[in-house]
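Subject: Structure handover

Hello,

The structure we discussed is below, with my notes after it. Please read the notes with the coordinates open.

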Amino acid sequence: MRIGIDIGGTKIRGVLLKNNKAVKKYEIKTRNKNSQKVVLVQIFKCIDKLIEGENKKRIKGIGLGVPSPIDFEKQRILTPPNLKALKNCQLAKVVKDKFRIKAVIDNDANCFTLAEALLGAGKGFKIVAGITIGTGVGGGIVIDKQIYHGEFGNAGEFGHINIVKNGWRCSCGRKGCVEAYVSGKGIIKIAKGLGIKNSNPKEIEDLARLGNKKAKIVYKTAGEYLGLGLVSIVNTIDPGIIVIGGGISHAGNLIINPAKEIVKRAGLNPLTKKIRIVKSKLGREAGAIGAALLICG
């Protein structure tokens, strides 16, 4: 058995994985994101709930997906833009010391992509790119069933591809990133520009499905911005499939179809039309499942 924890800016999700199947799940809201102590207590609670009633000796390890670049040598969280409380935290060591179980960390979007590559929509593809769209926009690359981290662990940060010169400010501090336009905050900002106020992305999605023209334009616009980011991915790593997950992905074709159109028109190689761009198969638990898969065996 393996435990996987997906730590997000909005929710912390956990699964207990047995024979590559999630046999137990637990979810808790991420509260007081500026307090490391409070966030750690919530992570511990999630792990406790998954261990409860199980033979602790049979748990091979705990994998933790975090929304941040990682110092893999020191297993240290570096600069999490949407969960600043965990900056510089050696989370794997903290969890190992607390539970006396092996623990490892990786970027949450890397975990998502690993899960989709091994067990989900990307199964059978040599090169899988994954994008998670929620509070922020993350990305991951899996090649031959292994996460590709790059030289310094920064590979796959697709949310911070620059798509608009001097554009909206991103949570990373720069301007014009994919995340600034496609994340939940970006969608709300697009909506406000069209006169849709005091709505969250889910409410805007619901309006779009009911035929509201402005709401449809919101997701079409966000999808086109997403497509600009996907073009860079396609022209850089040439994946066989791009899997899109996270809360915003539940909008499905409202956001994915406009992105596909941009890729079709702007891809450098005409063969890139063969690249599949799909919604996550594993759904909300994909990140936690991928975190569990960090533990070998």
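**Helix 8**

In helix 8, the buried residues are Leu-254, Ile-255, Ile-256, Pro-258, Ala-259, Ile-262 and Val-263. Buried stands for a relative accessible area under 20%, exposed for over 50%, and partly exposed for anything in between, with a 1.4 Å probe and protein chains only. Helices (H or I, at least four residues) and strands (E, at least two) are DSSP runs, numbered from the N terminus.

This is a predicted model, in which local features need pLDDT of at least 70 and side-chain atom pairs count only at pLDDT 80 or more, while totals for chains, interfaces and linings use all residues. Residues are numbered from 1 along each chain as its sequence is written, and side-chain values use heavy atoms, with hydrogens and water left out.

The buried residues of helix 8 pack against helix 4, helix 6, helix 7, strand 11 (241-245) and strand 12 (276-279); contact means heavy atoms within 4.5 Å. The 14 residues of helix 8 (residues 253-266) should span 20 Å at 1.5 Å a residue, and the end C-alpha atoms are 19 Å apart, which agrees. The expected span is 1.5 Å times one less than the number of residues in the helix.

Ala-266 also belongs to helix 8. It counts as partly exposed because its relative accessibility is 39%. Leaving aside residues up to four places away in sequence, Ala-266 touches Val-231 and Asn-235.

**Helix 1**

The 16 residues of helix 1 (residues 36-51) should span 22 Å at 1.5 Å a residue, and its end C-alpha atoms are 22 Å apart, which agrees. Its buried residues are Val-39, Leu-40, Gln-42, Ile-43, Phe-44, Cys-46, Ile-47, Leu-50 and Ile-51. Among the elements that cover them are strand 1 (2-7), strand 2 (11-18), strand 3 (21-29), strand 4 (61-66) and helix 2 (91-99).

**Ser-183 and helix 5**

Ser-183 sits in the loop between helix 4 (178-182) and helix 5 (184-193). It is buried, because its relative accessible area is 3%. Not counting residues up to four places away in sequence, Ser-183 touches Ile-133, Gly-134, Thr-135, Gly-136 and Val-137. Its C-alpha atom is 25 Å from that of Leu-40, a residue 143 places away along the chain.

Which residues of helix 5 are buried? They are Gly-184, Gly-186, Ile-187, Ile-190 and Ala-191. Seen down the axis of helix 5, these buried residues fall within an arc of 160°, so they line one face of the helix. The arc is taken over the directions from the helix axis to the C-beta atoms. An α-helix has 3.6 residues a turn, so residues three or four places apart point the same way.

The face of helix 5 turned away from the buried side carries the exposed residues Lys-185, Lys-192 and Gly-193. Cover for the buried residues of helix 5 includes helix 4, helix 6 (201-209) and helix 7 (213-237). Gly-195 follows helix 5 and has a positive phi, near 90°.

**Aromatic pairs**

The structure holds three aromatic pairs. Rings of Phe, Tyr and Trp (its six-membered ring) pair if their centres lie within 6.5 Å; planes under 30 degrees apart count as stacked, over 60 as edge-to-face and the rest as tilted. The ring centres of Trp-168 and Tyr-181 are 4.4 Å apart and the planes are at 10°, so this pair is stacked. The pair links distant parts of the chain, 13 residues apart: Trp-168 is in the loop between strand 10 (146-147) and helix 4, and Tyr-181 is in helix 4.

Trp-168 is partly exposed, with a relative accessible area of 25%, whereas Tyr-181 is buried, with a relative accessible area of 3%. Tyr-181 also pairs with Tyr-225, and that pair is tilted, at 4.4 Å centre to centre and 40° between the planes. Here the link is from helix 4 to Tyr-225 in helix 7, 44 residues apart. Tyr-225 counts as partly exposed, at 22% relative accessibility. Trp-168, Tyr-181 and Tyr-225 form one aromatic cluster.

Regards
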